[in-house]
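Okay, thanks for coming, everyone. I'd like to walk you through a structure that's new to this group, so let me put it up on the screen.

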Amino acid sequence: GYTVQSIEWDPGVSGTFAAATSYTATITLKAGADYQFTGATTPEVNVGTPSAGGITGDGAANTLSFTVIYSVTAGTVTESKITIAFVNEDDTLMTSGGNASISRAAKETLTVTAAADLTGIQWSLDGTDISKAQSFTFRAVDYPAGDYNLGLRVIKGGIPYSTDLTITVID
């Protein structure tokens, strides 16, 4: 028999594995007191691609070290849609996928802020990336009358999400 002496992950893992990431595990097994690893050994694994093992020590209780590569699954990780509540400076609540209207004549603005637990923040306007800040302010006077799509892409718990809000600028 044998025991698992150590498993080291690259990149390091704390808690859960990240999405769309390839990992390599370096595994060291220690042979039991009455057993030994011999010859060129490539272990069998249920998942992943193992390397040929390297043996350290002669005789009983020697060790076998090898790596297993866990590749990123086929395809890509797709962004999931979530509903995010946008609150402007007047505490008017709008939900993503909805609409907001602001007036050029009244020089209105709409400030939206991503929650503090979100990372990888990327704001876009009509498909063009515009800011990575926690908040974004849309000023009606900066745009002609019309509809604009304000998008937000974020990461939460290693999973990418996206949402959008249509802003209508009126004269």
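So, let's start with contacts, where contact means heavy atoms within 4.5 Å. Take the contacts in the protein chain with a separation of 6 or more: residues 24 or more positions apart account for 52% of them.

Two housekeeping points. This is a predicted model, so local features need pLDDT of at least 70 and side-chain atom pairs count only at pLDDT 80 or more, while totals for chains, interfaces and linings use all residues. Residues are numbered from 1 along each chain as its sequence is written, and side-chain values use heavy atoms, with hydrogens and water left out.

What's the chain built from? There are 15 strands and zero helices. Those are DSSP runs numbered from the N terminus: helices are H or I with at least four residues, strands are E with at least two.

Have a look at strand β5, residues 63-70. Two strands pair if DSSP finds at least two bridges between them. β5 pairs with β2, residues 23-31, antiparallel, over eight bridges, and in that pairing A25 has V68 as its bridge partner. β5 also runs antiparallel to β3, residues 49-50, with two bridges joining them; there T49 is opposite I69. Then there's β4, residues 54-56, again antiparallel to β5, with three bridges, and G54 sits opposite S65. The hairpin of β4 and β5 has six residues between the strands, and G57 there takes a positive phi near 90°. A61 is in that loop between β4 and β5 too, and it has a positive phi of about 65° without being a glycine.

Why point that out? Because most residues other than glycine have a negative phi, and most peptide bonds are trans. K107, in the loop between β9 and β10, is also a non-glycine with a positive phi, about 55°. And the peptide bond from D10 to P11 is cis, with omega near -5°; P11 is in the loop between β1 and β2.

Now the inside. Buried means under 20% relative accessible area, exposed over 50%, and partly exposed in between, using a 1.4 Å probe and protein chains only. On that basis 29% of the 171 residues are buried, whereas K107 counts as exposed at 64%.

A nonpolar core is a set of buried Ala, Val, Leu, Ile, Met, Phe, Trp, Tyr and Cys residues joined through side-chain atoms within 4.5 Å. The largest one has 20 residues, and I102, L110, W123, F138, L150 and I167 touch the most other members. Elements giving two or more residues to this core include β9, β10 and β11. Apart from it lies another core, of eight residues, among them I27, L29, A31 and F66.

Last topic: aromatics. Rings of Phe, Tyr and Trp (its six-membered ring) pair if their centres lie within 6.5 Å; planes under 30 degrees apart are stacked, over 60 edge-to-face, and the rest tilted. How many aromatic pairs does that give? Five. W9 and Y23 make an edge-to-face one, 6.3 Å centre to centre and 85° between the planes. W9 is in β1 and Y23 in β2, so the pair ties together parts 14 residues apart in sequence. Is Y23 buried or exposed? Buried, at 7%, while W9 is partly exposed at 32%. Y143 and Y148 form a tilted pair, 5.2 Å and 55°, and together with F138 they make one aromatic cluster.
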